[in-house]
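Hi everyone, thanks for coming. Today I'd like to walk you through one protein, so please have a look at it with me.

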Amino acid sequence: GLAWTNNDNVDWRPTLGIDFDFENNNNLSWNVDTVPTSFLKRNLTSDGLGHSMDVLFNARIERRISNTETKTSSLSFSAGSHYTHSKQRQISLDEYNVQEPVMDLASSFDYTSHNLTNSLGLSYNGYKKGFGSFNARVSANHTKLIKKELLPGEFTSDKPFIYPVVDLGWTGKTAMVRLTSYAEIPSIEQISNRVSDANPLSLVAGNPNLKQAYKMELALQYKPRTQKYKNGAAGGFSANLNVNCTLNPIVQSVRYFSETTVLDAWDGYVAQPGAMLHSYDNSKMPRWMVNASLGYSIIALKNKLNVSISLNDIYNHGPLFYGGEIVPIDDNSTGLTAVMTFKPSKSLSLMNSASAAYIVSSREGELLSGRMRFGERLGGTWFITKRIKLGADYSFTGYNYTAGLGRDHYLHILNSGLDFILLKDRALTVGLWGYDLLNSGSLYTTEINSAMMSQTWTPTYGRNLMFKIIYTFRKK
């Protein structure tokens, strides 16, 4: 990248910049699965050729309006262009039957994509003593997405988007306010007029009429100055509020096929049994997210003890495809978190954190699940000698369902080990650590929220030993 700024003239300052990135990503891979018990036997060879390019150009001219010790301000006009280009080609042949090799269409593709975004912007930055700093930026943007495919089939998609971007902010000594607005652009697959079956079991059906969504964010922060107490401790409160609203949001519909189905809406595409179809549409129902938190922290005992407590509430409301129509969903999580670190001596350091939250999910006003999530973590390090350190860490996480079909589950993890610090400058560390010493990492979960039910099986092999070597390069 290159950048140039002219500082000779105090009142007018032009700036030019360009960034360029090129990547050549040719690859050759194999996927061999010829085990007799395998459902699908294959000997896949994939030869991939491709490259990608990213070019960013921006120009700005700044006009200083005032520049004193108590007040500064400037007005800027900017223009920019961002272009990305990607060319990817991969041919995959299944040579399990050497006499009759076949092309594996799920792993073969040939496409070229271009994304171009142009923008024009006007911004103001100012500072006034006693008031704080203020910034405002407004820009108009134009984005064009183009994709051309030759394999698995010929296809071209081309669609432009025009949208504004607004950014307003004020920062004072103890508070901050920021308001932003921008567009969420759909992907090239989401706006195509066909079914993408690169993965035959996870189909993506495009919607050429899909429009961009507009997102507005409001952030408020209040943090007064730290208060000092007579015993030498110091602490203070903090409060944060974030509100997001998305208009015309993009909503995903997932449909599962238990039998062969002809999709008339996508040129009679035939979906196979076991496949899932992902399609997209805009919703007139806005999507909301509110995140509020209140915290307090204190440092005491000559900086040996640090304690922080925070209360947090997160609320989500938005649209969801359910039963062939868009319905409202709600999720709310209210939680309390406490963290303590204590260092009674130079050789010993302790940490403890605890959290609890109650989460409620509903759809169309009907309660789906209520669950309690709680966690605990204990950890510490102790220098047995100046060069031998003992460490241990224990964590516990649990979900307890009070309503709905979710399944209670609990997870305990214990790790511990020794580190040996070597060399004169203490740059080399050799350690032997044991992970999941309780052999309790395997977990089966059933979780329900307003959007879905998920069942997950996580098999693990516990009681692992790991030998580690760490060398730190130091400058004298």
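This is a predicted model: local features need pLDDT of at least 70, side-chain atom pairs count only at pLDDT 80 or more; totals for chains, interfaces and linings use all residues.

Residues are numbered from 1 along each chain as its sequence is written, and side-chain values use heavy atoms, with hydrogens and water left out.

Let's begin with the nonpolar patch. On the surface, Trp382, Ile384, Leu390, Leu418, Phe420, Leu422, Leu423, Tyr471 and Phe473 form it, with about 850 Å² of accessible area together. Patch residues have over 30% relative accessible area and no salt bridge; nonpolar side chains are joined within 5 Å and like charges within 9 Å. A salt bridge puts a side-chain nitrogen of Lys or Arg within 4 Å of a carboxyl oxygen of Asp or Glu. Areas come from the Shrake-Rupley method with a 1.4 Å probe.

Strand S26 gives the most, 3 residues. Strands are DSSP runs of E, at least two residues long, numbered from the N terminus. Trp382 sits in strand S24.

Next, Lys386, Arg387, Arg426 and Arg474 gather in a positive patch. Arg426 lies in the loop between S26 and S27.

Finally, 4 strands make an open, mixed sheet ordered S11-S12-S19-S16. Strands pair if DSSP finds at least two bridges between them. S11 and S12 run antiparallel, joined by 2 bridges.

Note on methods: Lys and Arg count as positive and Asp and Glu as negative; His and the chain ends are not counted. The place of a charge is taken as NZ of Lys, CZ of Arg, CG of Asp or CD of Glu.
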